[in-house]
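Subject: Structure for you to look at

Hello,

Here is the structure I promised to pass on. Please open it first, then read my notes below.

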Amino acid sequence: MEQIFNKLSEIELTARRIMEDADRTKSALSAEMEQQCKVFDAELEQETNKKIQQLRSSLEEKKNAELAALRQSMETSLAELDAYYSRNSEKLSEELFHKLLEG
């Protein structure tokens, strides 16, 4: 009977050691997984920031190009208006004067 108790004690001790080893392994794997998650998060944030910067840069370039086109269009329109006024200022002044006299 004593041999059975001894064997059961050995089995219990072995089982406890297996469980302790499993707990250590689980803790180590958990710590490793947490570290991998931190590294992944840092890489993802860095990549996201890089893409955001690229988008901002692209939008800035588009904005500048559109502003330049609008500025050029406005300058062209103003130049055309100035030219029209220079060509027709006397005629426009006469028409305005006659309308004032009629009114």
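**Salt bridges along the helix**

K7 and E10 sit three residues apart in helix α1, so about one helical turn separates them. Their side chains meet in a salt bridge, at 4.0 Å from N to O.

The structure holds six salt bridges. The K7 and E10 pair is one of them. Two others are worth a look.

- E12 pairs with R16, and their closest N and O atoms are 3.4 Å apart. Both residues lie in helix α1, four residues apart, about one turn of the helix. R16 is partly exposed, at 42% relative accessible area.
- K51 pairs with E47, with 3.5 Å between the closest N and O atoms. These two also lie in helix α1, and four residues, about one turn of the helix, separate them. K51 is partly exposed, with a relative accessible area of 47%. E47 counts as partly exposed too, at 43% relative accessibility.

The general idea is simple. Side chains of opposite charge can pair when their charged atoms come close.

**Charge over the chain**

How many positive and negative side chains does the chain have? There are 15 positive and 22 negative ones. The centres of the two sets lie 3 Å apart.

**Overall form**

The chain has one helix and zero strands. Its radius of gyration is 43 Å, well over the 13 Å that the globule rule gives for 103 residues, so the chain is more spread out than a compact globule. The C-alpha atoms fill a box of roughly 135 × 30 × 10 Å along the principal axes.

What does burial look like? Of the 103 residues, 2% count as buried. The cut-off for buried is under 20% relative accessible area. The accessible surface of the chain comes to about 10000 Å². Carbon and sulfur atoms account for 58% of that surface.

Helix α1 covers residues 2-102, and K63 is in it. K63 and A15 are 48 residues apart in sequence. In space, their C-alpha atoms are 70 Å apart. K63 is partly exposed, with a relative accessible area of 40%.

C37 also lies in helix α1. C37 and E10 are 27 residues apart along the chain, and 40 Å separates their C-alpha atoms. C37 has a relative accessible area of 40%, so it is partly exposed. E10 is the residue that pairs with K7 in the salt bridge above.

**The nonpolar patch**

Which residues form a nonpolar patch on the surface? They are M1, I4, F5, L8 and I11. Together they have about 580 Å² of accessible area. M1 is found in the segment before α1. M1 counts as exposed because its relative accessibility is 69%, and the cut-off for exposed is over 50%.

**In short**

This is a predicted model of a chain with one helix and zero strands. The chain is more spread out than a compact globule, and 2% of its residues count as buried. There are six salt bridges, including K7 with E10, E12 with R16 and K51 with E47. M1 is part of the nonpolar patch on the surface.

Best wishes

Notes
Residues are numbered from 1 along each chain as its sequence is written. This is a predicted model: local features need pLDDT of at least 70, side-chain atom pairs count only at pLDDT 80 or more; totals for chains, interfaces and linings use all residues. Side-chain values use heavy atoms; hydrogens and water are left out. Buried means under 20% relative accessible area, exposed over 50%, partly exposed in between (1.4 Å probe, protein chains only). Patches are made of residues with over 30% relative accessible area and no salt bridge: like charges are joined within 9 Å, nonpolar side chains (Val, Leu, Ile, Met, Phe, Trp, Tyr) within 5 Å. Accessible areas come from the Shrake-Rupley method with a 1.4 Å probe; for residues, only the protein chains shown count as cover. The radius of gyration is taken over C-alpha atoms; the globule rule is 2.2 Å times the number of residues to the power 0.38. Lys and Arg count as positive and Asp and Glu as negative; His and the chain ends are not counted. The place of a charge is taken as NZ of Lys, CZ of Arg, CG of Asp or CD of Glu.
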